[in-house]
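Please look over the model below with the following numbered points to hand.

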Amino acid sequence: MRRALLALALAIACTACGEEARPKTAPKAPPQPKPGPSQHFRSRPDLRPPVVQIRTPAKGTAAGYVFLAPKMAVAQAGPMIMDDRGHLVWFHPLKFTKGVTDFRAQRYRGKAVLTWWRGRLSNVGVGDGWYVIYDTSYRPIAEVRPGNGLVGDVHEFLLTSRDTALMTIYHRKHVDLTSIGGPKGGLIWDGIVQEVDIPTGRVLFEWHSYPAIGVTESYSKPPKKQLGTKAFPYDYIHINSIAEEPSGNLLISGRNTHAVYEVNRRTGKVLWRLGGKKSDYRLGPGVKFAWQHDARRRPDGTITIFDNGAAPPVEKFTRVLVLRIDQRQKRATLVRSYRHPKRLLSPFEGNAQFLPNGHVFVGWGGWPYISELDRNGRVLFDAYFGHGKKPGEDADTYRAYRFAWRGHPTDAPAVAVANGKIYVSWNGATDVAKWQLLSGDDKNNLRPVARVAKSGFESAILIPLSVHGRYVGVQALDRKGEGIGVSRAVKR
C-alpha cells in the first residue's frame, strides 16, 4: 500500500507537471497525505505553518532569512520565511495544499520583491497557475501569465534585470510516438520556455523542446497502455529550470532526458547538450547525473546541478555537483560534490543556491530538509519540517533559499489576551527588536508601562498586577527604540 501511495505521489510531483486544461478522462485522485504537526499562535490562530526542528543549529552561516514554501502533507501550504532558529518571520497560507512553488526574493524595477507560482495541481500533476510579485509590505504589485494562450508551469519564474520574466510552460502536442512503442497520434508535453515583458505582457522569446529534442532522448518509461494518451501525455523532457548565461543564452535543464542544454537566445538553436543520450561533452569520473534539477552557471564558468539520482533510483544518494566545462576539448569534469549527511536520495524537486561567501544552501526536494554547507561540505545549518514519512507522504518544498530581506507590513501588530498575558505578533515585520506594553482606561490614550525583548514570532508579555488600566495594547520598537507600529487596544 505504501509503495502504491508513493508511486501516486511521485506522479503528482514529478510527472506531467505542465499547465494546460485538465484531461476529460483522469485517473482517480490519490489520497491526500495526512498533515504533520503545525505551529499555533494565540494572536494569529489563522496561521498554521509546519513545525520546524533545527537538527544542526546555525553556526557561521551566511546572513539572511530562510525562504521555503511548504506543501503536500501540511495543514496549510504557502510561502514562508523563517530565521535560523526556526522561528517564523512571515507566512502566507494559500487555498490549496499543493499550490505553491519557487518562492524567493528577486528584484523588480530596482526594488526587492517576493515571487512565487500559485495555482492548483490536478490529480495527474497538471495545474492551472500563474505567478505573483509582492512588495516589501507584502502587497501584490503584479500578476504574470504566459502569452499566446499558454498557462504558467510550477518550475521556474525568473526575473531579469530588464523587468522581464523567464518561465517554464508545458503544453500538449500531438506527435508520432511509434518510435518508442506509442500511438501514431500520441500526445506529449512540449517543454516551452517563454520570456515575457512584465508591464505589458508581450512575449519576447519562445522556445519549444520539440522537435529540437526528440522523444527518443528520454529516459522516462511510462506503462505502454498510458504512453501518449489523452489522460497521460508523454512527459518526455520535463523542463525544470532556466538560467541566464553571461552571453545572454539560456541554460535549460531537462529532467527526463538527464541533460542540460544551452539554447541560443536569438535563434532558439540548441548549441550543445551536457549529459543524456546525445551529450556533446565527454563526462569525466563522477559527472554523470540523472533526473536532475536546478542547473546554473556560476560567475567562474562552472555549472552547478542538483543531481537527484532518482526516481527511479540510479544512484545511492542525491548530490549537488559543481562541473567544469572545457569548450575546446568538449569535456566535463567534476570539481566537487556535496551531499546530506543522511545520504538522502530525493526522488523529486530540490535546488542548490551558491551564496556569495562560497556556502551552498540546499533544499533537499522530496525530503523535508534544508541545509547550509560550507565550501568543504561541512554542515553549518540543518532544519527539518516533516513528520517522519517518506517522500510523497510528507511535507516538502520545491526549492529553498537564503536571502537578506526587510519586511514592513502595513497592518498592525496582532494581539490576544489570555491567562494574565498579552500575546503579540506582527507577521512579516523584520525590524522589531522589542515590544512595549501599553495600558490605560481610555483605549485611545494608552501609556507605556513595560518593555520586553521580542522572542520568536509571537511574544507572551506578562501583564503586571500593578497595571490597573481597563485596556492594554502593544507597541513595536526597532533597535533604536523608536515606535514602528501599534496594536489595537483590547480589554483585559
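1. Pro312 is found in the loop between β20 (303-307) and β21 (319-326), where strands (E, at least two residues) and helices (H or I, at least four) are DSSP runs numbered from the N terminus. The peptide bond that leads from Ala311 to Pro312 is cis, with omega near 5°, and a cis peptide bond also joins Ala310 and Ala311, with omega of about 5°. Ala311, which takes part in both of these bonds, lies in that loop between β20 and β21 as well.

2. A word on the basis of these remarks: this is a predicted model, in which local features need pLDDT of at least 70 and side-chain atom pairs count only at pLDDT 80 or more, while totals for chains, interfaces and linings use all residues. Residues are numbered from 1 along each chain as its sequence is written, and side-chain values use heavy atoms, with hydrogens and water left out.

3. Met72 is found in strand β3 (residues 71-72) and counts as buried, at 6% relative accessibility, where buried means under 20% relative accessible area, exposed over 50% and partly exposed in between (1.4 Å probe, protein chains only). His258 is found in the loop between β15 (250-254) and β16, and at 7% relative accessibility His258 is buried too.

4. Strand β16 (residues 259-263) pairs with β17 in the antiparallel sense over 5 bridges, and two strands are taken as paired if DSSP finds at least two bridges between them. Ala259 has Gly275 in β17 as its bridge partner. These strands belong to an open, antiparallel sheet of 4 strands in the order β14-β15-β16-β17, whose edge strands, β14 and β17 (270-275), each pair on one side only. The twist averages 20° from one strand to the next, with axes fitted as lines to C-alpha atoms (for helices over the stretch in contact) and angles running from 0 to 180 degrees between N-to-C directions.

5. A further open sheet has 4 strands in the order β5-β4-β2-β28, again with antiparallel pairing. Because β5 (88-91) and β28 stand at the edges with a single partner strand each, one side of each is left without a neighbour in the sheet. Strand β4 (residues 80-82) is joined to β5 by 3 bridges, and Met82 stands opposite Leu88 in β5.

6. Which way do the residues of β25 point? Tyr369, Ser371 and Leu373 point one way and Ile370 and Glu372 the other, and all are buried. In a regular strand the side chains alternate between the two faces of the sheet. On one side, 4 bridges join β25 (residues 369-373) to the antiparallel strand β24 (residues 360-363), with Val362 opposite Ser371; β25 also pairs antiparallel with β26 (residues 379-384) over 5 bridges, where Ile370 has Ala383 as its partner.

7. Asp294 lies in strand β19 and is buried, with a relative accessible area of 4%. The side chain of Asp294 makes a polar contact with the side chain of Arg296 at 2.6 Å, a polar contact being a pair of N or O atoms within 3.5 Å in which, within protein, one must be able to donate a hydrogen and the other to accept it, and residues adjacent in sequence count only if both atoms are side-chain atoms. The Asp294 side chain also reaches the backbone nitrogen of Ala352 at 3.0 Å.
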